[in-house]
Amino acid sequence: MPMSKSFEERLTPLLPGIVAQFGSPFHLYDEQGMLDAIGTLKNNLFVVEGDRNFYAVKANPNLAILRLMLANGFGLDCSSPFELSLAQRAGAPPERVMFSSNDTSRESLRLALEYGCILNLDDVTLIEKLPKMPELISFRYNPGELRQEGTNSIIGDPPNQKFGVRRDQISDAYRMARDSGATRFGIHTMYASNQRDASNLAGTLEMVLELAGALGKELGIRFEFVNVGGGLGIPYRPGEEPLDVVHLGKEYARLFAAFETENGYRPKLYAESGRYLAGPHGIIVGTVINVMDKYRKFVGVDFSELANIPRAAIYPAYHHLTVFGKDDMSTGETVDVAGPLCENFRLAKDRVLPHVEEGDLIIVHDTGAHGVAMASQYNGWPQAQQLLLCADGSVRVVARATSFEDYIRTQIEC
């Protein structure tokens, strides 16, 4: 969706000065917006002591953002050895790091165990590949055909996903872990992404709590936590309804109360939201460098889509665009917006914008998650610098633009 009103009000008087000081293009992250989103989740979903969101590092791995999450009581969800190293660099204690990889190597398992983080296994075969069984273990559950509501093309429907343990395997997985020395247990699931239907998200918790209750009775174990994964969605298009987090929190409370009545205890609620926390609170600011009439009208900007917001080209995904200082749609025209890639990608197609001229500033909304995190160096175009609009109104660089030296750093001259 377009940036929040409060973000816009804080940014508008500052933007010309930011461009004058730092140049264009750049990513800009809104610290206050992320703090507000953190507060919303803590006040509605993670309300019991021990409940915790593990911010998905893959959403935006900038160290400034990781440290912001840690400073406000969240943990980090990692899916690769490099992300584990980022968590360590950010200062995350082991108990606030979840390692949820897939197609996991023995070396990755070893590194996770050395860190001491929470290990969330994606397949039964990984049990025998562990150097040792940790005290606390979790498995990722894939419901398959038992639950397919609310899935989308991002990770696919459960029977066709590469993630998670099947229903007919899950009991044996926990039995094998228990018999190998595990004494503490968690359970995880994530089968949908960018979901804005609170009822659907509540259904995910209901499903995993039912499974935890059944497994507990069958195997004589208690679950220390249930992790409902990420998937908290954001509206990318104007007019779309946002996720009702207040309603979701009430549904979560109802489901946990029912589980406690049935089983005599309440596991902690874990989740791994990343997009909800970072996505709406980031923008890309670029400059129009060409306005061209071909068989279509093209607006050319000074940054590569693949190097800065590749999801617009890969899926393709919608990102709202505005022209800074121009909102008169009486002169609006339909254009395609594209960067300098030698590919037929578009940042936006058939988009109605106010009359655009060279030198105008284009703002791409909702780029705080899965922007530079998914970046490609294709064509040698650089990633733009990353700036943080701090809660006190100051602006600081949290990542420089990539350089030619970065581009060839791993190459070896013969």
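In this predicted model, 8 strands close up into a barrel, running β2-β3-β4-β5-β6-β7-β8-β9 with parallel pairing. Neighbouring strands of the sheet are turned by 25° against each other on average, ignoring direction. Zooming in on one pair, β6 (residues 136-141) and β7 (residues 184-189) run parallel and are joined by 6 bridges. Here Tyr141 sits opposite Thr189 of β7. Helix α7 (residues 167-179) packs on this sheet, where it touches β6, β7 and β8 (223-227). The direction of α7 makes about 170° with that of β6.

Then there are the helix pairs. Helix α8 (residues 198-219) packs against helix α9 (residues 245-263) at about 15°, the axes lying 9 Å apart. Angles under 35 degrees count as roughly parallel, so α8 is roughly parallel to α9. The crossing of these two helices is right-handed. On the α8 side, the contact includes Leu201, Leu205 and Leu209, along with Glu206 and Lys217; α9 brings in, among others, Leu248, Tyr252, Leu255, Phe256 and Phe259.

Leu63, Leu66, Arg67 and Leu70 of α4 meet Leu86, Arg89 and Ala90 of α5. That contact splits into 5 nonpolar and 2 charged residues, with no polar ones.

Technical notes. Residues are numbered from 1 along each chain as its sequence is written. This is a predicted model: local features need pLDDT of at least 70, side-chain atom pairs count only at pLDDT 80 or more; totals for chains, interfaces and linings use all residues. Side-chain values use heavy atoms; hydrogens and water are left out. Two strands pair if DSSP finds at least two bridges between them. Helices (H or I, at least four residues) and strands (E, at least two) are DSSP runs, numbered from the N terminus. Axes are lines fitted to C-alpha atoms, for helices over the stretch in contact, and angles run from 0 to 180 degrees between N-to-C directions. Contact means heavy atoms within 4.5 Å. Ala, Val, Leu, Ile, Met, Phe, Trp, Tyr, Cys and Pro count as nonpolar, Asp, Glu, Lys and Arg as charged, and the others, Gly among them, as polar. Angles under 35 degrees count as roughly parallel, over 145 as roughly antiparallel, 65 to 115 as roughly perpendicular and the rest as oblique. A crossing is left-handed if the near helix is turned anticlockwise from the far one by less than a right angle, and right-handed if clockwise.
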